[in-house]
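Colleague: Please take a close look at the aromatic rings for me. Start with how they pair, then follow them into the surrounding parts.

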Amino acid sequence: MKITIAAVGKLKEKYLKEAISEYSKRLSRFTEVEFIEVDDEYAPDSLSEAQESQVKLKEAEKILKRVKQGSYVILLDLAGEQITSLGFSAKLENIMLSGNSHITFIIGGSLGLDQNLINTADYRLCLSKMTFPHQLARVILMEQVYRAFKIIKNETYHK
């Protein structure tokens with residue numbers, strides 16, 4: 001089993017890098033984890049709708065070039081399904097039992113998601129209706145993936 005987390009933008013904050021490193025270490029006994037970061041596009045505060053669409057398209061193209069063929073793609077999307085940790089673990093387990101050995105999570109840029117990313121997704125997941133910085137969303141995702149593997153392996157009880 002391999003998990004890839006592909007995200008727009010570089011993780012800069014030391015405390016977030018340390019959290020990602022810790023969850024990567026914890027997850028290493030369950031799965032291989034790979035991180036792909038692509039540069040975000042320059043986006044001044046006052047973008048027209050067309051310019052915003054162009055930025056999202058360029059970021060989507062960079063991400064999609066890096067997604068491995070045959071990988072099950074889960075897109076983090078505010079319009080995606082909101083599920084419990086238990087439901088998420090069941091979803092991951094079902095994906096794995098269906099013969100998928102590679103899952104790619106995609107985290108878009110700060111302006112949102114291009115339609116090409118949405119169309120590529122096998123599943124759209126909403127971590128929360130609350131807004132989080134994209135860098136923090138990586139940590140939350142890593143924690144939930146780790147929790148899911150613990151639930152799958154019956155190493156934790158979760159209601």
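Modeller: The count comes to four aromatic pairs, where rings of Phe, Tyr and Trp (its six-membered ring) pair if their centres lie within 6.5 Å. Planes under 30 degrees apart are called stacked, those over 60 edge-to-face, and the rest tilted.

Take Phe30 and Tyr146. Their ring centres are 6.3 Å apart and their planes stand at 50°, so this pair is tilted. Phe30 lies in the loop between α1 (14-27) and β2 (32-38), and Tyr146 lies in helix α5, so the pair ties together parts 116 residues apart in sequence. Helices here are DSSP runs of H or I with at least four residues, strands are E runs of at least two, and both are numbered from the N terminus. Phe30 is buried, with a relative accessible area of 14%. Tyr146 is buried too, with a relative accessible area of 14%. Buried means under 20% relative accessible area, exposed means over 50%, and partly exposed is in between (1.4 Å probe, protein chains only).

Now Phe88 and Phe105. They form a tilted aromatic pair, 6.2 Å centre to centre with 55° between the planes. Phe88 is in helix α3 and Phe105 in strand β4 (residues 102-107), so this pair ties together parts 17 residues apart in sequence. Phe88 is buried at a relative accessible area of 4%. Phe105 is buried at 0%.

A word on the basis. This is a predicted model, where local features need pLDDT of at least 70 and side-chain atom pairs count only at pLDDT 80 or more, while totals for chains, interfaces and linings use all residues. Residues are numbered from 1 along each chain as its sequence is written, and side-chain values use heavy atoms, with hydrogens and water left out. The protein averages a pLDDT of 93, and 98% of the residues score at least 70; pLDDT is the predictor's confidence in each residue, from 0 to 100.

Back to the rings. Tyr23, Phe30, Tyr146 and Phe149 form one aromatic cluster. Phe149 also belongs to the meeting of two helices, α3 and α5. The axes of α3 (residues 85-97) and α5 (residues 134-152) come within 8 Å and cross at roughly 75°. The axes are lines fitted to C-alpha atoms, for helices over the stretch in contact, and angles run from 0 to 180 degrees between N-to-C directions. The two helices are therefore roughly perpendicular to each other. That label covers 65 to 115 degrees; under 35 is roughly parallel, over 145 roughly antiparallel, and the rest oblique.

Which residues of α3 and α5 meet? From α3 come Ser85, Leu86, Phe88, Ser89, Leu92, Glu93 and Met96. From α5 come Gln144, Val145, Arg147, Ala148, Phe149, Ile151 and Ile152. Contact means heavy atoms within 4.5 Å. By class, this contact has nine nonpolar, three polar and two charged residues. Ala, Val, Leu, Ile, Met, Phe, Trp, Tyr, Cys and Pro count as nonpolar, Asp, Glu, Lys and Arg as charged, and the others, Gly among them, as polar.

Phe105 has another partner to look at, Thr4. Thr4 sits in strand β1 (residues 2-8) and is buried at 1% relative accessible area. Leaving aside neighbours within four places in sequence, Thr4 is in contact with Glu34, Ile36, His102, Ile103, Thr104 and Phe105.

Tyr42 is in the loop between β2 and α2 and counts as exposed at 69% relative accessibility.
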